[in-house]
Amino acid sequence: YISKWGIDFFLITFGSDRNQRFFQTLDDSPDWALTYFDDRACVYARRSSHLAAIAKRDAYTRIKPGASIPATIHPDEAPEWLAEAERASREAPTAWNPVKYHAMALLSLGRFAEAESDLTALLKRSPEIYYAWLDLGQVHERMGRRDLAARDYRQCLEMQPGYEPCL
């Protein structure tokens with residue numbers, strides 16, 4: 001189908017029908033490159049089309065917003081995650097997704113105060129993002145602030161009852 005119709009890019013919105021297998025197929029394919037994302041959508045460009053230069057220049061290699069973020073980012077990979085998150089924040093300055101990735105990379109690097117600052121600022125502007133409360137709880141746990149971590153996990157569970165990572 002894709003070849004038949006000459007599709008060179010996908011603009012995919014994130015919704016309740018989000019199909020992780022589809023995203024995984026694109027992410028694993030050598031033919032496609034994730035070139036943009038924000039909180040509502042992402043763009044994949046075909047590497048072997050008139051968009052090849054864009055795909056090469058703008059490809060994200062670590063961040064995969066259509067998939068679940070890993071529970072931890074390996075410290076050796078964290079600088080790449082950090083650079084990609086910073087680029088995504090420049091491209092979509094009001095989006096919270098890049099902030100979340102940025103904070104998780106900082107957490108991996110042991111830069112807890114910076115990760116806490118990122119997530120606190122994010123939650124001030126968008127307190128409804130339940131998994132940011134989970135991330136903030138993880139940061140507070142690593143900082144040895146179990147009282148704050150417990151508060152963060154409770155907030156997450158209030159918004160998403162039974163959310164297993166917060167239990």
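**Entry 1**

I noted the classes: Ala, Val, Leu, Ile, Met, Phe, Trp, Tyr, Cys and Pro count as nonpolar, Asp, Glu, Lys and Arg as charged, and the others, Gly among them, as polar.

Two packed helices are described by the angle between their axes and the distance between the axes. For α5 and α6 I read an angle of about 160° and axes 8 Å apart. That makes α5 roughly antiparallel to α6. The axes are lines fitted to C-alpha atoms, for helices over the stretch in contact, and angles run from 0 to 180 degrees between N-to-C directions. Under 35 degrees counts as roughly parallel, over 145 as roughly antiparallel, 65 to 115 as roughly perpendicular and the rest as oblique. The crossing of α5 and α6 is left-handed (the near helix is turned anticlockwise from the far one by less than a right angle; clockwise would be right-handed).

**Entry 2: notes on the source**

I number residues from 1 along each chain as its sequence is written. The model is predicted, with local features needing pLDDT of at least 70 and side-chain atom pairs counting only at pLDDT 80 or more, while totals for chains, interfaces and linings use all residues; side-chain values use heavy atoms, with hydrogens and water left out.

**Entry 3: α7 and its two partners**

I went on to α6 (residues 112-125) and α7 (residues 130-142), which pack at an angle of about 155° with axes 10 Å apart. These two helices are therefore roughly antiparallel, and their crossing is left-handed. From α6, Phe112, Ala115, Glu116, Leu119, Thr120, Leu122 and Leu123 meet Ala132, Trp133, Asp135, Leu136, Val139, His140 and Arg142 of α7. I counted this contact by class as 9 nonpolar, 2 polar and 3 charged residues.

How do the axes of α5 and α7 cross? For α5 (residues 97-108) and α7, they come within 11 Å and cross at roughly 15°, so the two helices are roughly parallel. This crossing is left-handed. Lys100, Met104 and Leu107 of α5 meet Tyr131, Asp135, Gln138, Val139 and Arg142 of α7. That contact divides into 4 nonpolar, 1 polar and 3 charged residues.

**Entry 4: the sheet**

I found 3 strands in an open sheet, in the order β1-β3-β2, with antiparallel pairing. Two strands pair if DSSP finds at least two bridges between them. β1 (9-13) and β2 (32-37) are at the edges, each with a single partner strand, so one side of each has no neighbour in the sheet. From one strand to the next the twist averages 25°. β1 pairs with β3 (residues 41-46) over 5 bridges. Phe9 stands opposite Ala45 in β3.

**Entry 5: the whole chain**

I listed 8 helices and 3 strands in the protein chain. These are DSSP runs numbered from the N terminus (helices: H or I, at least four residues; strands: E, at least two). Along the sequence the pattern reads α-β-α-β-β-α-α-α-α-α-α. The C-alpha trace spans about 55 × 30 × 25 Å along its principal axes. With 167 residues, a compact globule would have a radius of gyration near 15 Å, and the chain has 17 Å, which agrees. The radius is taken over C-alpha atoms, and the globule rule is 2.2 Å times the number of residues to the power 0.38.

Methods: Contact means heavy atoms within 4.5 Å.
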